[in-house]
Protein chains: 2
Amino acid sequence: MTEKLSDTARSTMVEPLLETGWALTEGRDAIEKTFKFDDFTEAMGFMMRAAIWAEKWNHHPEWSNVYSRVSVCLTTHDVDGLSQLDVKLARKMDKLAGQPG
Amino acid sequence: MTEKLSDTARSTMVEPLLETGWALTEGRDAIEKTFKFDDFTEAMGFMMRAAIWAEKWNHHPEWSNVYSRVSVCLTTHDVDGLSQLDVKLARKMDKLAGQPG
């Protein structure tokens with residue numbers, strides 16, 4: 001079962017993400033990050049790799065791309081807020097982007 | 001040379017796009033459309049196919065994805081408005097999405 005993150009889980013799981021460039025979204029219980037790549041093909045490569053994991057875990061991001069940048073927003077609609085799935089996908093995206101996670 | 005579309009070109013090239021679901025963007029000389037697919041994998045497949053053409057033509061969209069939807073905005077930064085490249089990419093996207101174009 002997917003559940004909304006407890007306060008304890010937020011301290012242990014979400015706070016470390018804030019140190020890798022993720023931020024809490026204003027007005028929503030969600031996290032967001034803009035990944036910057038060298039060019040468009042790198043950005044698309046990241047999106048495709050992340051998309052495969054998103055589909056595998058049945059947890060999909062809201063995201064946008066402008067040339068070499070990919071902006072991601074993660075939240076879990078089923079619980080109307082952050083769940084462990086968001087943390088898991090955020091960590092995976094950090095790894096796929098070659099950034100500390 | 002890429003040039004901003006003339007009034008004549010807008011009549012002959014942009015107006016037909018408005019009949020396939022494209023719309024003029026408010027406050028910018030740009031066009032936009034939201035493509036709807038059956039699911040996330042179809043949406044990602046469309047994005048990857050369109051991305052290859054965008055890179056090939058060195059003309060990149062501003063676009064976002066939420067599950068089965070892909071919202072696209074096309075404009076040409078070099079001319080600060082619509083050019084033939086936007087029309088070309090819009091038509092290609094319509095074809096890739098299997099929608100009349």
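**Starting from one lysine**

Guide: Let's start with Lys33(A), which counts as buried at 6% relative accessibility; buried means under 20% relative accessible area, exposed over 50%, and partly exposed in between, using a 1.4 Å probe and protein chains only. Before going on, some bookkeeping: this is a predicted model, where local features need pLDDT of at least 70 and side-chain atom pairs count only at pLDDT 80 or more, while totals for chains, interfaces and linings use all residues. Residues are numbered from 1 along each chain as its sequence is written, chains are lettered from A and ligands numbered from 1 in the order in which they are written, and side-chain values use heavy atoms, leaving out hydrogens and water.

Back to the lysine. Lys33(A) makes a salt bridge with Asp94(A), with 2.6 Å between the closest N and O atoms; the rule asks for a side-chain nitrogen of Lys or Arg within 4 Å of a carboxyl oxygen of Asp or Glu. Lys33(A) sits in strand β2 of chain A and Asp94(A) in helix α3 (residues 84-96) of chain A, so the pair links parts of the chain 61 residues apart. Helices (H or I, at least four residues) and strands (E, at least two) are DSSP runs, numbered from the N terminus. Asp94(A) is buried too, at 0% relative accessible area.

Chain B has a pair of its own here: Asp94(B) and Lys33(B) form a salt bridge, again with closest N and O atoms 2.6 Å apart. Asp94(B) is in helix α3 (residues 84-96) of chain B and Lys33(B) in strand β2 of chain B, so this pair ties together parts 61 residues apart in sequence. Both Asp94(B) and Lys33(B) are buried.

Also in chain B, Glu62(B) and Arg28(B) meet in a salt bridge at 3.0 Å, N to O. Glu62(B) belongs to strand β3 (residues 62-66) of chain B, and Arg28(B) to the loop between β1 (23-24) and β2 (31-36) of that chain, 34 residues apart. Here Glu62(B) is buried at 19%, whereas Arg28(B) is partly exposed at 37%. Over all chains, the search finds six salt bridges.

How many of them run between chain A and chain B? The count there is zero. What the two chains do have is 16 residues of chain A in contact with 16 of chain B, contact meaning heavy atoms within 4.5 Å. The area buried between them is about 1,300 Å², with carbon and sulfur atoms giving 75%; that is the accessible area (1.4 Å probe) the two parts lose on being put together, summed over both. Phe40(A), Met48(A) and Trp63(A) supply 34% of what chain A buries against chain B, more than any other three residues.

Trp63(A) turns up again in the largest nonpolar core, where Phe46(A), Trp63(A), Phe46(B) and Trp63(B) touch the most other members of its 58 residues. Such a core is a set of buried Ala, Val, Leu, Ile, Met, Phe, Trp, Tyr and Cys residues joined through side-chain atoms within 4.5 Å. Leaving aside neighbours within four places in sequence, Trp63(B) is in contact with residues of both chains, including Phe40(A), Met44(A), Trp63(A), Met47(B) and Met93(B).
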